[in-house]
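Take a look at the fold below.

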Amino acid sequence: MQPGEAAALDEQCHEALRDVTDPELPISIVDLGLVYDVTVADGHASVDMTLTAMGCPAAQLMTEEVSERLREFDEIESVDVEIVWDPVWTKDKMTDEGKMQLRSLGIAV
């Protein structure tokens, strides 16, 4: 795979994660700003993501959904999802779409 193709696949995978929502909020983990990095190399996807709070009871569910979604790509054979705490998640990491969705739920941003 050429470097440009690899970068395009990384971006496609990142966008595909918009299908994964936070189980407590009907908002994608991308729009919440939880996905920090997605890279694919040699059939393996690596995802760095965070959670809105340590001890989040939905952590395992979300990492499983991320892995399942990315394995839908023919180019991906395996997925490693790493929960990272640096940088710390804040509402500032949310997309404008995510902030708008939170406001529509009556949650101040």
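Three strands form an open sheet in the order E1-E2-E3, with mixed pairing. Two strands count as a pair if DSSP finds at least two bridges between them. The edge strands are E1 and E3 (78-83), and each of them pairs on one side only. From one strand to the next, the twist averages 15°. Angles here run from 0 to 180 degrees between N-to-C directions, and axes are lines fitted to C-alpha atoms, for helices over the stretch in contact.

A word on the model itself. It is predicted, so local features need pLDDT of at least 70 and side-chain atom pairs count only at pLDDT 80 or more, while totals for chains, interfaces and linings use all residues. Residues are numbered from 1 along each chain as its sequence is written, and side-chain values use heavy atoms, with hydrogens and water left out.

Now step back to the whole chain. It has three helices and three strands. Helices (H or I, at least four residues) and strands (E, at least two) are DSSP runs, numbered from the N terminus. Read from the N terminus on, the elements run α-β-β-α-β-α. The C-alpha atoms fill a box of roughly 45 × 25 × 25 Å, taken along the principal axes. How does the radius of gyration of the chain, 14 Å, stand beside that of a compact globule with 109 residues? Such a globule would have a value near 13 Å, and the chain agrees with this. The radius is taken over C-alpha atoms, and the globule rule is 2.2 Å times the number of residues to the power 0.38.

E1 (residues 35-41) and E2 (residues 44-49) run antiparallel, and six bridges join them. Val38 stands opposite Val47 in E2. Ala41 faces His44 in E2. The two strands make a hairpin with two residues between them.

Look closely at that turn. Asp42 is found in the loop between E1 and E2. Its phi is near 50°, a positive value in a residue other than glycine. Most residues other than glycine have a negative phi, and most peptide bonds are trans. Is Asp42 buried or exposed? Asp42 is exposed, because its relative accessible area is 84%. Buried means under 20% relative accessible area, exposed over 50%, and partly exposed in between (1.4 Å probe, protein chains only).

Gly43 is in that loop as well. Gly43 counts as buried, because its relative accessibility is 12%. Which residues does Gly43 contact, leaving aside its neighbours within four places in sequence? They are Glu75, Ile76, Glu77 and Ser78. Contact means heavy atoms within 4.5 Å.

Next, the helix on the sheet. H2 lies across E2 and E3, running at about 150° to E3. Thr63 is in H2 (residues 59-70). Thr63 counts as buried because its relative accessibility is 17%. Beyond its neighbours within four places in sequence, Thr63 is in contact with Val81 and Ile83. Val66 touches Leu17, Val20, Ile29, Val47, Met49 and Val81, not counting residues up to four places away in sequence.

In soluble globular proteins, nonpolar side chains tend to be buried together. A nonpolar core is a set of buried Ala, Val, Leu, Ile, Met, Phe, Trp, Tyr and Cys residues joined through side-chain atoms within 4.5 Å. The largest one here has 30 residues, and those with the most contacts inside it include Cys13, Val47, Val66 and Ile76. Helix H1 (3-16), E1, E2, H2 and E3 each supply at least two residues of this core. The largest share, four residues, comes from H2. Over the chain, 41% of the 109 residues count as buried.

What about the cysteines? Cys13 counts as buried because its relative accessibility is 0%. Cys56 is also buried, because its value is 13%. A disulfide is a covalent bond between the sulfur atoms of two cysteines. The rule used here asks for a pair of cysteine sulfur atoms within 2.5 Å. By this rule the count is zero.

Pro87 is in the loop between E3 and helix H3 (96-104). The peptide bond from Asp86 to Pro87 is cis, with omega near 5°.
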